[in-house]
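Keep the structure open as you read.

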Amino acid sequence: MGAIRTSAVGLFALVLGCSGATDSTTLGTISPTPAPSPTNATGPVQTSAAEIAYELVEYEVPSGSHPHDVAPATDGGIWYTGQNVGTLGHLDPATGDVREINLGLRSAPHGVIVGPDGAPWITDGGHNAIVRVDPATEEVDVFELPASHPGANLNTAAFDGDGVLWFTGQSGVYGRLDPADGRVQTFDAPGGRGPYGITATPSGEVWYASLAGSHIARIDRASGAATVVEPPTPGQGARRIWSDSTGRLWVAEWNAGQVGVHDPSEGSWQEWPLPGAGAQAYAVYVDEDDGVWLTDFTANAILRFDPRTETFESIALPAAGAAVRQLLGRPGEIWGAESALDRLVAIRAR
């Protein structure tokens, strides 16, 4: 089975395990850190003295695969994209075992999500296509983009409230695929290059973030038109976006090293700098308790931001330069891919 590394963050004991062997070392404790004063926010910044413990577990995947995105599978496993080798991988967290599905020549998969049908759906920049894999038979279906948008540099995808898949491409394109008929439509993004992260709200609306354009945009699902919404900080580099349970949109601001939130119902914004100098906010994901999780490349850490107390908790990754580019999860678990180290990482509350 694959090698599994475990850290208890809070009690922070490190356990290296393979075939039952363990070794432990006490590394210290971690407590919540108050966030710097938010931009465009009112009221005092609250702090909490409570210490929260997490367990961090790393799982090795085949060397050279460069895992980019992850998605919890319906069978309790984890799907991940092997961007460098053109594969979709499946990890069994109970054993560390990995199986790989070849996506074909020229494949360079970026994002993966699990659709309403329980299957993994992939944005594949190498194929310039959306790819679906049958989880039972491992059959691969490829839905190519129209010839009007070659080289879209496909990024991520999300399903709307009607079961239609929407996706982004950094070359300046976004689009949709209706699984009912397999038809793919593409649109030129306002402002050109940049569409990156994408999310659906609880009401089924779709928003994306533009890294090069430093904005977010709402897609009209009927017409396909996108309306740009500008964050308060110019040139902030909106990279990824995620909705909370109320439909507020959380944005990882890469250039500014901030996390922002936009409330479409009010048209309001708030932004908080990540702790530490030179922060780079890459991924963002909102858990079932509306806790906001981010990755910081500079700190080589995964952070949790509590919007109620306006505090950050920083969980350092064990090895330098992990490069966790995306986060996803299910109740009680946060998952990411350490793309530079060929590992997946899970964080679980203890």
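## The nonpolar cores

In this predicted model, the largest nonpolar core has 37 residues, and the members that touch the most others are Val70, Leu88, Trp293, Leu327, Trp335, Leu344 and Ile347. Beyond its neighbours up to four places away in sequence, Trp293 touches Tyr54, Ala283, Val284, Tyr285, Asp287, Ile302, Leu303, Arg304, Ile315, Leu327, Ile334 and Ile347. A separate, second core holds 16 residues, among them Trp272, Leu274, Val292 and Phe312. As background, nonpolar side chains in soluble globular proteins tend to be buried together.

## Val133 at the end of a strand

Val133 belongs to strand S12, which covers residues 129-133. With a relative accessibility of 0%, Val133 counts as buried. Setting aside residues up to four places away in sequence, its contacts are Leu88, Ile101, Leu103, Ala119, Pro120, Ile122, Glu138, Glu139 and Val140. Ile101 and Val133 are 32 residues apart along the chain, and 8.7 Å separates their C-alpha atoms.

Is Thr295 buried or exposed? Thr295 counts as buried because its relative accessibility is 1%, and the cut-off for buried is under 20%. This residue sits in strand S27, residues 292-296. The Thr295 side chain reaches two backbone atoms: the nitrogen of Ala283 at 3.0 Å, and the oxygen of Val324, also at 3.0 Å. Leaving out neighbours within four places in sequence, Thr295 contacts Gln280, Ala281, Tyr282, Ala283, Ala301, Ile302, Val324 and Leu327.

Asp296 is found in strand S27 too. Asp296 is buried but has no salt bridge, and the nearest side chain of opposite charge, that of Arg239, is 11 Å away. What does the side chain of Asp296 reach? The answer is the backbone nitrogen of Thr298, at 3.0 Å. Apart from neighbours within four places in sequence, Asp296 is in contact with Leu274, Pro275, Ala279, Gln280, Ala301 and Leu303.

## Salt bridges across the chain

How many salt bridges does the structure hold? There are 14 salt bridges. One of them pairs Arg343 with Glu58, with 3.2 Å between the closest N and O atoms. This pair links distant parts of the chain, 285 residues apart: Arg343 is in strand S32 (residues 343-349) and Glu58 is in strand S5 (residues 54-60). Both partners are buried, with relative accessible areas of 14% for Arg343 and 2% for Glu58.

Arg99 and Glu138 form another salt bridge, where the closest N and O atoms are 2.9 Å apart. Arg99 is in strand S9 (residues 98-102), and Glu138 is in the loop between S12 and strand S13 (140-144), so their pairing ties together parts that lie 39 residues apart in sequence. Arg99 counts as partly exposed at 30% relative accessibility, and Glu138 is partly exposed at 32%.

## A charged network

Arg221 and Glu205 also form a salt bridge, their closest N and O atoms being 3.2 Å apart. Both residues lie in loops, Arg221 between strands S20 (215-219) and S21 (226-229) and Glu205 between strands S18 (195-200) and S19 (206-210), so the pair ties together parts 16 residues apart in sequence. Arg221 is partly exposed, with a relative accessible area of 22%. Through salt bridges that share partners, Asp160, Asp162, Glu205, Arg218 and Arg221 are joined into one network.

Terms used
Residues are numbered from 1 along each chain as its sequence is written. This is a predicted model: local features need pLDDT of at least 70, side-chain atom pairs count only at pLDDT 80 or more; totals for chains, interfaces and linings use all residues. Side-chain values use heavy atoms; hydrogens and water are left out. A nonpolar core is a set of buried Ala, Val, Leu, Ile, Met, Phe, Trp, Tyr and Cys residues joined through side-chain atoms within 4.5 Å. Buried means under 20% relative accessible area, exposed over 50%, partly exposed in between (1.4 Å probe, protein chains only). Contact means heavy atoms within 4.5 Å. Helices (H or I, at least four residues) and strands (E, at least two) are DSSP runs, numbered from the N terminus. A polar contact is a pair of N or O atoms within 3.5 Å; within protein, one must be able to donate a hydrogen and the other to accept it, and residues adjacent in sequence count only if both atoms are side-chain atoms. Lys and Arg count as positive and Asp and Glu as negative; His and the chain ends are not counted. A salt bridge is a side-chain nitrogen of Lys or Arg within 4 Å of a carboxyl oxygen of Asp or Glu.
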